[in-house]
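Good morning, everyone, and thank you for making the time. Please have the sequence and the model open while I talk.

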Number of protein chains: 2
Amino acid sequence: MSDEIGGKIKALVFDVFGTVVDWRSSITREIKSVGKRLGVEANWEAFADRWRAGYHDGMQAFRDGTDVWKTADQMYRDRLDLLLAEHSITSLSEPETEHLNRAWHRLDPWPDSVEGLTKLKSKFVIGTLSNGNVGLLVNMAKYGGLPWDCVFAGELAGSYKPDPKVYLMATNLLGLEPHEVMMIAAHNHDLIAAKKTGLSTGFVARPDEYGSGDRKPDLHAAPEVDVAASDFIELATKLGV
Amino acid sequence: MSDEIGGKIKALVFDVFGTVVDWRSSITREIKSVGKRLGVEANWEAFADRWRAGYHDGMQAFRDGTDVWKTADQMYRDRLDLLLAEHSITSLSEPETEHLNRAWHRLDPWPDSVEGLTKLKSKFVIGTLSNGNVGLLVNMAKYGGLPWDCVFAGELAGSYKPDPKVYLMATNLLGLEPHEVMMIAAHNHDLIAAKKTGLSTGFVARPDEYGSGDRKPDLHAAPEVDVAASDFIELATKLGV
């Protein structure tokens, strides 16, 4: 079944935060380093989780119609300002705060990401399809050596996944039928929405995304997902690369 | 002056047809090969030039308000159908005609393009900023090994260069000030429009773009252009790579 699927697929579009990069370890490391320098003690993993939650809250406010569309950069900055105030961190200059906010542009890829993407790129067009903004995704690719052919983001449709128009924006820009494009994610809710929109779907398990935090990862693909793999290298094999 | 400019620039966006790829030789080769197979004789360089003119005419019709926005794929297909009929070529199947139209996705880079872009990529974000559609540009990059960090096109703004909103779309998506982005082109009209919009500008001479055709290349940069080079490798040197 996988060979058959791999044969009709022309492009793969990837969720990024959690699927391609390990945001929680990277963000915790950066904020912990700032805390240490300033002599502040805190649960920095919890800081990272709450910072991340600002992104989800910002997107939900847009979906609910209670806020305008914002870039990930803006949503992270809004939450960062609140968290810094709450931790009584007031000594950072504006450039220092902005540099810290850009920690989301400096996220480490999972160990298999670059090798797996490079393999997949030999057979397929590979691109992002993230709710992060384009500039963030481009800078992250430079930082981590992610070899994208193209960078697509909810920003290009003025919305966020799981809005169907975000998935269709990518397939239309590529000039492909939805089923010729496979959405790759570690999150079943993203894949189920992509599938409903007509895309093919591939699940990659990222059991460590949330570390010891409250949120639990999807350990297995939902039944309607077309292909499931333990990492990008196994995904390449399953797609006939 | 160039070192100073290279220091403040963060991203380079490139015109593609003529600046990065040699469309005329590539298109002439493909259409000549089809003509030979079908036993048709014609001036195939002139065919290529008239096919290319369909793209310029289509964009002008949009600017004049006499036609809707179209992808480059559509504009090339419209003109191809006319040219095939004029040459009494009626034996191509629909898939064969569509494959021929996709010749614009299979354009050879100029000899210095891949090496020069690879050098420039080590210091700058590099992307397209073309009036070609995204899918065409992505496929062309795969075909020619063009190592773009991102693929921007007039399509993302629903317009064509030299509309200022196309240049500003790219700088906004990158999260950069216009002057931090340098437009690179072999065509002064493109650079002058980018400059008026606030971008930095770099000219690269492509004296062979139009071959022996009627259209004449810009051999030298316009006075307002910031940097001029004979190819992408010299451009890299001039920008401090």
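This is a predicted model: local features need pLDDT of at least 70, side-chain atom pairs count only at pLDDT 80 or more; totals for chains, interfaces and linings use all residues.

Residues are numbered from 1 along each chain as its sequence is written, and chains are lettered from A and ligands numbered from 1 in the order in which they are written.

Let me begin with the core. A nonpolar core here is a set of buried Ala, Val, Leu, Ile, Met, Phe, Trp, Tyr and Cys residues joined through C-beta atoms within 7 Å, where buried stands for 20 or more other C-beta atoms within 10 Å of the residue's own, exposed for 12 or fewer, and partly exposed for anything in between, with C-beta atoms placed from the backbone. Which members of the largest nonpolar core touch the most other members? Among its 148 residues, they are A:Leu12, A:Met183, B:Leu12 and B:Met183. If we take B:Leu12 and set aside its neighbours within four places in sequence, it is in contact (C-beta atoms, placed from the backbone, within 7 Å) with B:Leu120, B:Phe124, B:Ile126, B:Met182 and B:Ile184.

Turning to the two chains, 14 residues of chain B are in contact with 14 residues of chain A. On the chain B side, α7 (134–144), β3 (150–153) and α8 (164–174) each supply at least two residues; helices (H or I, at least four residues) and strands (E, at least two) are DSSP runs, numbered from the N terminus. The largest share of that side, five residues, comes from α7(B). By class, the side of chain B that touches chain A has nine nonpolar, two polar and three charged residues, where Ala, Val, Leu, Ile, Met, Phe, Trp, Tyr, Cys and Pro count as nonpolar, Asp, Glu, Lys and Arg as charged, and the others, Gly among them, as polar.

Next come the helix pairs. In chain B, helix α3 (residues 44–63) and helix α4 (residues 72–86) pack at an angle of about 135° with their axes 8 Å apart; axes are lines fitted to C-alpha atoms, for helices over the stretch in contact, and angles run from 0 to 180 degrees between N-to-C directions. α3(B) and α4(B) are therefore oblique to each other, given that angles under 35 degrees count as roughly parallel, over 145 as roughly antiparallel, 65 to 115 as roughly perpendicular and the rest as oblique. Residues of α3(B) that meet α4(B) include B:Phe47, B:Trp51 and B:Tyr55, and those on the α4(B) side include B:Met75, B:Tyr76 and B:Leu83. The contact of α3(B) with α4(B) has eight nonpolar, two polar and three charged residues.

In chain A, the axes of helix α2 (residues 23–38) and helix α3 (residues 44–63) come within 8 Å and cross at roughly 120°, which makes α2(A) oblique to α3(A). A:Trp23, A:Ile27 and A:Ile31 are among the α2(A) residues in this contact, and A:Trp44, A:Phe47 and A:Trp51 are among those from α3(A). By class, the contact of α2(A) with α3(A) has seven nonpolar, two polar and four charged residues.

Now to the backbone. Most residues other than glycine have a negative phi, and most peptide bonds are trans. A cis peptide bond joins A:Lys161 and A:Pro162, with omega about 5°, and A:Pro162 sits in the loop between β3 (150–153) and α8 (164–174) of chain A. The bond from B:Lys161 to B:Pro162 is also cis, with omega near 10°. A:Ser88, which is not a glycine, has a positive phi near 55°, and this residue lies in the loop between α4 (72–86) and α5 (94–101) of chain A. Is A:Ser88 buried or exposed? A:Ser88 counts as exposed, because it has 9 C-beta neighbours inside 10 Å.

I will finish with two buried residues of chain A. A:Asp218, in the loop between β5 (200–204) and β6 (227–229), is buried because 20 other C-beta atoms lie within 10 Å. Not counting residues up to four places away in sequence, A:Asp218 touches A:Ala186, A:His187 and A:Asn188. A:Thr171 is in helix α8 of chain A and counts as buried, with 24 C-beta neighbours inside 10 Å.
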